[in-house]
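Work through the two exercises below. Each one has a task and a stepwise solution.

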Amino acid sequence: MGVLMSRRQTVEQVQKVSLAVSAFKDGLRERPSTKRKAEAWGGRRGTLEHEVREVQEEEEERPEAAGPSQTQREESHANRAAWERLRDGRGVEPEEFDRANRFTPPAFVRPTRELHDDEPLEISLEQREQVSSDEMCEICEVWTAESLFPCRVCTRVYHDGCLRRMGFLHNSSAVEVTETAHTETGWSCYYCDNLNLLLTEEEMYSLMETFQQCKIIPETCLMQDRFLHYKHLVHQRHLDRPMSEEQEERAALQFSALDPDKKGHVEWPDFLSHESIVLLQKLRPQNSLLRLLTAKERERARATFLPLNQDGQGLISEGECRKAQHTWFRKHQKEAPSCNVSISHVGPMSESSPASSGSSQSQEKTLLGTEQEESRLVDWPTFLKESVIYILAARPNSAAIHLKPLA
């Protein structure tokens, strides 16, 4: 009985195999084109040469589409590279930039938020900090005494030759560095000059998402109408309501502050720094921003507050606090301005200037605001918290005012 069952099972398996082979042969007869194609390519099917040849044949069959597709690919590649530079915190890197005989630029690592960042931070007014710059060049780590240029924000020092080889110093800006690095105005190194490097990864992606939704193209200049249109879109997106006339007027004044040379447009690095500091002001509490200040900046804040505290009670008026916030934006003046308004002393333009829009209304607001300011007193911790965002915004070397203080 066992032998009979084994034979029956064998017969059934043979029948199943025969049916499968017959079905496979029938399928091949119904697809002759596939068979011919397989015989034509032989063993080269699936190789890289096969794929390349197929692409070439498709381009030959459609010669009219080759031009536009190539242009679109180049534009897509350039746009993608610009977004990558924006994400990584690097500035504009032209393709024709010669990297021969140059040092490799550093890899910027974005900061991270700590758990205690939002907790109160006590910064003493009486306890001064002894701040000294480094002794060796940040790039080559060589000491050459007076030829080193210190940063006015951090403790790093640099050789001008090392900065050139890094690609961070060009002939047009070399004179400015040598003239301001050892003065009271000072010079910011390439770390401190880029306010975008203060953003964390999450904050940077939030900013990039806003740029993409508002169709802002990286590394391009913004005209005034485009700048105001962007401000309208961002305001509508975050608050779900249009900007008021007063807010639009302030945005126009901010554009003038970012365009001190009156070119009619805002340069991309200035716009990026402005939007970065605005995002910090919006997302981070003042206690977190205080932790971003360096020892040099804290000492300069003390040197600003102490002369105003003449009675020794540790209190100043709000008007004096406002004036102090403007003093952070003293820039190196390359050329004398064409008008009588100084763009390098206390901001780009005062509210009561004849060149500002709505000057008569601004004068009335300023007078009313001055009366209220005189009645409010500001202590050292409050002064530091209200001024920290402007201290950070004053880091870049550009003559632009990246966050215009309130009048």
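Buried means under 20% relative accessible area. The model is predicted.

**Exercise 1. Cysteines**

Task: Decide whether Cys154 is buried or exposed, and find how many disulfides the structure holds.

Solution: 

1. Start with accessibility. Cys154 has 11% relative accessibility, so Cys154 counts as buried.
2. Treat Cys151 likewise. Its relative accessibility is 1%, so Cys151 counts as buried.
3. Recall the bond. A disulfide is a covalent bond between the sulfur atoms of two cysteines.
4. Set the cut-off. The pair of sulfur atoms must lie within 2.5 Å.
5. Check the distance. The cysteine sulfur closest to that of Cys154 is in Cys151, 3.6 Å away, which is too far for a bond.
6. Check from the other side. Cys151 is in no disulfide, and its nearest cysteine sulfur is that of Cys154.
7. Give the count. The structure holds 0 disulfides.

**Exercise 2. A helix pair**

Task: Describe how H13 and H15 pack: what is the angle, and how far apart are the axes?

Solution: 

1. Locate the helices. H13 covers residues 318-327, and H15 covers residues 380-393.
2. Read the geometry. The angle is about 30 degrees, and the axes are 9 Å apart.
3. Classify the angle. Angles under 35 degrees count as roughly parallel. H13 and H15 are therefore roughly parallel to each other.
4. The crossing of H13 and H15 is right-handed.
5. List the contact. H13 contributes Cys321, Ala324 and Gln325. H15 contributes Phe383, Glu386, Ser387 and Tyr390.
6. Sort these residues. The contact of H13 with H15 has 4 nonpolar, 2 polar and 1 charged.

Note on methods: Residues numbered from 1 in each chain as written. Predicted model: local features only at pLDDT ≥ 70, side-chain atom pairs only at ≥ 80, totals over all residues. Heavy atoms only, no water. Axes fitted to C-alpha atoms, helices over the stretch in contact; angles between N-to-C directions. Helix = DSSP H or I, 4+ residues; strand = E, 2+ residues; numbered from the N terminus. Parallel < 35°, antiparallel > 145°, perpendicular 65-115°, else oblique. Left-handed = near helix turned anticlockwise from the far one by under 90°. Contact = heavy atoms within 4.5 Å. Nonpolar A, V, L, I, M, F, W, Y, C, P; charged D, E, K, R; others polar. Buried < 20%, exposed > 50% of the residue type's maximum accessible area, 1.4 Å probe, protein only.
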